[in-house]
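Biologist: Please take one part of this structure and go through it closely. Keep it brisk.

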Amino acid sequence: MYQWKHQLKSGDIFKLEVPILHESNLTPEIEYIICITQSCDCLRPEKINYNFAFTSGKSAVLSTALSKVQTDCYTFINDHEAIQWSNKFFTLNLKNSHIFNINDKIPVILNDGTPNYIEYIGNQKEIFSQRIINATFNRASRMGVDLPEKKEKIVKR
């Protein structure tokens with residue numbers, strides 16, 4: 001069988017074998033991750049000590065994704081699946097798996113120290129990935145206080 005080798009690059013999307021659940025309501029908080037490391041660093045990962053930057057995402061309702069595509073970051077997987085990206089970055093050291101067979105699951109250890117596997121979904125074109133990259137690193141570089149979100153008043157009639 002032919003082994004299809006792929007070098008990790010910006011826009012590569014992976015699905016977690018075991019999703020990370022939200023603590024309060026046990027709904028998936030992280031189901032997908034996307035590589036947001038700049039392309040030049042992906043080509044020579046020794047410059048970044050094989051610490052690749054990622055952001056996380058979860059499944060989104062397609063109608064919601066379509067209505068908020070101009071304000072939030074989404075990736076459309078097919079005609080009925082979308083991913084909403086969180087814009088919170090983290091790194092994974094992939095020294096031994098930055099070149100991988102696209103048909104194999106890649107072992108990773110995420111923030112809580114629990115072993116997990118990621119499965120390659122595909123690559124998003126760089127022009128679309130750059131929007132996610134910019135939003136994630138802009139959020140990480142800002143300083144300040146987040147104000148509470150303004151809720152619309154419901155008028156009873």
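Modeller: Here is a close look at one helix and the sheet beside it. This is a predicted model, where local features need pLDDT of at least 70, side-chain atom pairs count only at pLDDT 80 or more, and totals for chains, interfaces and linings use all residues. Residues are numbered from 1 along each chain as its sequence is written, and side-chain values use heavy atoms, leaving out hydrogens and water.

Start with the sheet. It is open, has seven strands in the order β5-β6-β4-β3-β2-β9-β8, and pairs antiparallel. Two strands pair if DSSP finds at least two bridges between them. Strands (E, at least two residues) and helices (H or I, at least four) are DSSP runs, numbered from the N terminus. β5 (74-78) and β8 (106-109) each have a single partner strand, so one side of each lacks a neighbour in the sheet.

Helix α3 (residues 126-141) packs on this sheet and touches β3, β4, β5 and β6 (81-93). Contact means heavy atoms within 4.5 Å.

Now the helix itself. Its buried residues are S129, I132, I133 and T136. They cover an arc of only 100° around the axis, so they lie on the same side of α3. That arc is taken from the directions from the helix axis to the C-beta atoms. These buried residues pack against β3, β4, β5 and β6. The face turned away from the buried side carries exposed I127, N138 and S141. Buried means under 20% relative accessible area and exposed over 50%, with partly exposed in between (1.4 Å probe, protein chains only).

Finally, S129. Its relative accessibility is 1%, so S129 counts as buried. Not counting residues up to four places away in sequence, S129 touches G11, I34 and Q124.

Conventions: Axes fitted to C-alpha atoms, helices over the stretch in contact; angles between N-to-C directions.
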